[in-house]
Every structure is written in C-alpha cells, then in structure tokens.
Amino acid sequence: MKEKRIEFLLRIHQPSTGGDYSFELWREQKQRYDTCFVPDSPALKVCYDCWQHHYLKLYGGTELRPMPTVGGWPIVPSGDEYNDVEMAEEVLSNAFLQWLGRNNSRQLERVIEEALREVQWNGGARINGIVTTGVDIYICCDSPFLRQLPWEALAKRLNPGNAPLGTVQVIRTIEGKPHSPRPVQNQVRKPRILSLLTYDPEL
C-alpha cells in the first residue's frame, strides 16, 4: 500500500509599489483556483514587532526594537519574560489569522478543507492502492516579512480536531514557478506556536 499527501501551492505577491497582496492557490501542480486580494496590515506588523521584541529580550537579542512612543504594544508587559513572549505570540497568531480571513481569502481555505475529505483518517477511499494521509501547503511568497509570520497557526486552524497531528502541514518555499515549489533551506525552523526554547537571530 502506497501513501501520498495532497499538495497545495499558495503563491502570495505584493507589487513593488505596495498595495494589496494577491493570493493564488494551486492544487497538485495543475489546478488553479481564483485569485483573491488581501490589503496590507500595519497592525499585523506592529504585532510582529511586539513579539520579536519580547522574544529577543528573553533570549538575549542584541538588536531590540525600541518600544513605540505612540500607540504602545498590543500587550502590557507582565514582568514575566516567558509569559510576555507567550502573550505576544498569541496576539500575533490571532492577528495573523484575522488578516488571512479578510475579504474573500477564506474561500481558499475552504478549498483546502474540502480536500481534507479525501484523507484516509476521514474515511477517504483508497484509489489504486494509494492512501491519502494528509495535506501539505507550500507557502511561496516574495516578502521576507510574510515568510516569517506564523503560518503554523493556519495549519493548526485547518487541522481537524480529530485528525492526527501533522495531517495539515505548511512548508515555506522561495519564489519560483508555480509548478515547482522549492523548500527554503535556510528558513526551516521549529513551529512558532508558543514553544520557542532557544535564541534564533534570524527571527
């Protein structure tokens, strides 16, 4: 018996002049779904800067972002650095998922949710002796900032509660042809969701 995983490629692009991000979803290197557009979000950048500030502060970063003089951070420091990192990451993950859900980008998530019906744990049928065991989402974007956002939170949201851990996975890739996603070797890191145990200077 052979196993396979359904592959999606999510291409995200922002014009050099700025403006909305375009989201384009491909399945199995051949089927393209409608492109949707999501506005840029300064608030999301503030949440990321807040998380990065507390993370580097906890793990000895030498280039801390200064506290903003206007508006403040989205969290109030508690005095417990571990707790501050966890709170900042939760705020960032929630802000990120809300940003992804803006406009009609949720329709792309529904395409992936529909594909999960084909996975074996959910009663999906074997076809020619091949069992579908999960879904891989390749994130291909030309923005270093977007690549650093917690895409694992999206995988967690899409992963059904009764499915094995890892049924839905995200894999960051470099910009390339839509049919040839290539993993970003220097971007492979541990999951970001509240489980950061060592200092990573690239974050």
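What we have here is a predicted model, where local features need pLDDT of at least 70, side-chain atom pairs count only at pLDDT 80 or more, and totals for chains, interfaces and linings use all residues. Residues are numbered from 1 along each chain as its sequence is written, and side-chain values use heavy atoms, with hydrogens and water left out.

Okay, the fold. The chain has five helices and seven strands, where helices (H or I, at least four residues) and strands (E, at least two) are DSSP runs numbered from the N terminus. Going along the sequence, you read β-β-β-β-α-α-α-β-α-α-β-β. If we call it a contact when heavy atoms come within 4.5 Å, then 63% of the contacts with a separation of 6 or more are between residues 24 or more positions apart.

Now the inside. Of the 203 residues, 45% count as buried, meaning under 20% relative accessible area with a 1.4 Å probe, protein chains only. In general, nonpolar side chains in soluble globular proteins tend to be buried together. Here, the largest nonpolar core has 49 residues; a core is a set of buried Ala, Val, Leu, Ile, Met, Phe, Trp, Tyr and Cys residues joined through side-chain atoms within 4.5 Å. Phe23 and Trp151 touch the most other members of that core. Beyond its neighbours within four places in sequence, Trp151 contacts residues including Leu10, Phe96, Leu100 and Arg172.

Back to the cavity. On a 1 Å grid over the protein atoms alone, a cavity is a set of points where a 1.4 Å probe fits but cannot get out, and lining residues have an atom within 4 Å of a point. Among the residues lining the largest cavity are Leu10, Phe23, Leu100, Ser105 and Glu109. β2 (21-27) and α3 (106-115) each give two or more residues to that lining, with α3 providing the largest share, three residues.

Definitions and conventions:
Buried < 20%, exposed > 50% of the residue type's maximum accessible area, 1.4 Å probe, protein only. 1 Å grid on protein atoms, 1.4 Å probe; cavity = no way out; pocket = protein on both sides within 12 Å on 5 of 7 lines; lining within 4 Å.
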